[in-house]
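Work through the exercises below with the sequence and the model at hand. Try each task before reading its solution.

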Amino acid sequence: MSQHSPNSGLAVEVIALTREYTTRSFFGTVSRITKALDGIDFSVKTGELFGLIGPNGAGKTTTVKILTTLLTQTSGEAYILGLDVRKDLYEIRRRIGIVFGGERGLYNRVSALDNLRYFSDLYGVDPVTARDRIPQLLKAVGLADRADERVEKYSRGMKQRLHIAKALVHDPELLVLDEPTIGLDPGGARDIRNMIREMQKQGKTILLTTHYMFEAEELCQRVAVISKGKIVALDTPSELKKLVRDISVIELRTYGATTDYVEVIKRLPNVVRVVADLDSEVQTIRIQSPLGADLLSQVTSALPSDAKIIDRTIKEPTLEDAYLRLVEE
Amino acid sequence: MKSTEQVSHSALGAGARLRMALRVFWGAFLFGRKGLIVWDSWEMWVMQIVITPIAQIGFFALLSIYLQYPSSVTQYIVVGNAIQSMSFAAVFAVANITSQDKWQGTLPSTMVTPANRIALFIGRAWFQVLLSALIAAAGLLYAATIFGVSFATADYLGIAVTVLLTSVAMTGFGLLISAVGLYMRTAMIVANIFLFVTLLLSGVNFPVSVLPAWLQPASWAIPLTYGTQAVRMAIAGSSLTALLPTLGWEALDALLVMGAGYVLFTGFENLSRKTGRFEEY
Amino acid sequence: MGTLSELTPGKKTEGYLARRGQVLKACIVLTARLFFADPQWIIPSIIAPFIFTLVAFFLFGGQTSSPTFLLYLVLGSGLMGMWGTTIYGSSNSIGFDRWNGTMESTLAAPVPLSWIALGRVLFNTFEGVINALFILVIGLAWFQVGFGVVSPGLFLLASVSTFLSLSAFGLLMCTIILLSRKGGFITNSMEIPVYIATGTMFPVSILPIVVLPFAFLLAPTWGIEAIRLSALPGYTGLATNYWTDLAILAAETLAYLGLAFMLFKRVEAYAKRNGTLEEY
């Protein structure tokens, strides 16, 4: 077993990691090479809860797959708990737990109990230990009373909780959670986040990927922002927010606002960025500007007569604002 | 963005509805070219059109030789299997439509549209009609070139019409089984059994008259039975006119099968809506 | 809900053999559970073999008056049923994970994929044996033939050996699945060529010479010969003797196993390089 020598305090170490994907044509010739990761570097300390955020296609899942030994890198190095992902596959897998987001990853036609027993055996958990641990896990994730039901009958939230139980069945040191709250209702997502906090309190190191900036801000001690295969920023959420400290955020809630109104706001002087959610009955428009409250009168006067502002707030910039600036520049 | 004017579906005239149905059919056909099985590599084509038909014909031909049957019997068996080899593409692959949609999670999205169901599923299956006809034609080519069946007096027009009609009819059977897949977990096992059943009942390896009398009506319910009979007649020199009675029965059988498929489809669609089984695979 | 702090620590199983045995047991049990969870298992296990036997019966036509020939027919059908289930089940054992979305979970386990595949293949082949038994029972009852094999002990040995060789062959086919998402289709297309080459319904001696090397490289060819030698009075087949057939069978089975385990490592590495393993 190879052991990377420096920095035993690091659970994850990534050095100049690159990954290229090759697409082949009908007759097998190479038609396109895509660079999913372009020389990324980061590390995660033991016991840390570390976030990896980025837009779709940024390279988060590719990074996770390499770190969990499901994919090999084209070049660069990656170490998990001091072990090389290229050489020490089975030892790494024994010591990490993985939660893949979404509906897949479970055997739907058997029960939760059967799923956990199966994975417990695959991970080599001593059968006597498993006999105690599995029911405890099911209780901890709130599935004890439905443990004998087929997983196909479970709601999405229940399946996600089972994913967490599955990831913990062999008591891993490092947990990799790939978008664990995606598609869950607010209650279900909150339960998962509480479990994540609890796992960290148990001393587990956690690498979390997520789309939800508030989740990264709430849970993570440090966050890396990845965009187009590169790490564009890496720091604590509060330090990342300082990247946008020069701006304030005006948040409007409106009736009847349209894309035309958003375009008008975008053209106002000193407006840095506008993010709008116009699909709901009540629209939300977030305007980033260094002027802050001074911009309000211009924004209000630009409102069409058939629309109405029902609420306006001046907010401190959030991690999402910092993230948008980082990935869009 | 301009909003599109919505017109009530029921307010459309017959002409407009037909145009919509044709549009659905064509779109489904183009989708069915790629959607059913992975045809995006040359290996799949070779497997379906060369290896599998030759293997199947060869197996039964060798069995006939081992049993020391006269060459006329061997040729009978070869031709029967040449036509039957279309069954995988016509029946199995088509029966997979609903199962595959369920697995991909696209069945609910499909069933919630107002698209004409006949146009939709026939469109998806139509590519398999062409493919299965091609496979049967290839099978007959192998019969002539590898297995020594003589086409000296063959009526090629009769063969072509028979192959195409049988292909359409067997695809109809595939659609019937696919309708079962709307409600049952998977139609594939039923389709698998049906493939075996055609070997037994459709005059592929021995005449229907060899079967017990009580089993023979089942044979004549399968379009392939008429197809194998008609192709043998055409190879022996019967003209298209002489084949018409047999082909007529096959066409009628196909219509009945498709009718039954439509009834089953509608019934199972309603049942799946009641029991929420569109997503179970 | 309970709390994650109250969990019993996760102690691991000690010992290489114990860990591998644990994995095999888990995979056999899961495959069995998934098999019986599908209410239609009765169709490929009972109905399909029955239809197969009927097809063979009508094909054999006037020869069916001979008890020996009937036993030959029934054995051949049973072997085809076993082969078919093994080929389909083995190719599906890994392909199923792709289709089910559990490929990543399976790959992420700290055990070589070959052992997971072996457990599933063992169950699938066992299922094939059950199919063969059903065919045997149905065939014997339908044709009213006594099961008068020449040597029951040797017949059992040959049958068990053939079963193991089919498992090893199934494991080898799993590697084809890993290489390509069309692998399942490829292995399913092998079904009939393998029936031909292993002499399930007719001796390989009638095959064209160009096919014979392929036939002889298939371990079950020798298993089928040994089964017939031990079951059918007066059978001569390839004019080898029973123990020679078993020896060749054993050697080839070991070769399949060695090749399969070697290929699994290479295939895993190849698929991880290309990121294609989860694609369906």
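This is a predicted model: local features need pLDDT of at least 70, side-chain atom pairs count only at pLDDT 80 or more; totals for chains, interfaces and linings use all residues.

Residues are numbered from 1 along each chain as its sequence is written, and chains are lettered from A and ligands numbered from 1 in the order in which they are written.

**Exercise 1.** State which elements of chain B have the lowest and the highest mean pLDDT.

Solution. Start with the term: pLDDT is the predictor's confidence in each residue, from 0 to 100. For chain B the mean is 82, and 78% of the residues reach 70 or more. Next, take the elements, which are DSSP runs numbered from the N terminus: helices (H or I, at least four residues) and strands (E, at least two).

**Exercise 2.** Describe the side of chain A that touches chain C.

Solution. Two residues are in contact if their C-beta atoms, placed from the backbone, lie within 7 Å. Chain A gives 39 residues to the contact and chain C gives 35. On the side of chain A, α4(A) supplies the largest share, seven residues. Sorted by type, this side has 18 nonpolar residues (Ala, Val, Leu, Ile, Met, Phe, Trp, Tyr, Cys and Pro), twelve charged (Asp, Glu, Lys and Arg) and nine polar (the others, Gly among them).

**Exercise 3.** Find the order of the strands in the four-stranded open sheet of chain A.

Solution. Strands pair if DSSP finds at least two bridges between them. The order is β12-β13-β11-β14 (chain A), with antiparallel pairing. β12 (273-277) and β14 (308-315) of chain A are the edge strands, each pairing on one side only. Between β11 (residues 248-255) and β13 (residues 283-289) of chain A there are seven bridges. In this region A:Glu251 stands opposite A:Arg286 in β13(A).

**Exercise 4.** Which residues have the most contacts inside the largest nonpolar core?

Solution. Such a core is a set of buried Ala, Val, Leu, Ile, Met, Phe, Trp, Tyr and Cys residues joined through C-beta atoms within 7 Å; buried means that 20 or more other C-beta atoms lie within 10 Å of a residue's own. The largest core has 243 residues, and A:Ile80, A:Leu137, A:Ala165 and B:Val91 have the most contacts inside it. Helix α6 (residues 117-145) of chain B gives the most to this core, 14 residues. Leaving out residues up to four places away in sequence, B:Val91 touches residues including B:Met170, B:Phe173 and B:Leu195.

Definitions and conventions: A residue is buried if 20 or more other C-beta atoms lie within 10 Å of its own, exposed if 12 or fewer, and partly exposed in between; C-beta atoms are placed from the backbone.
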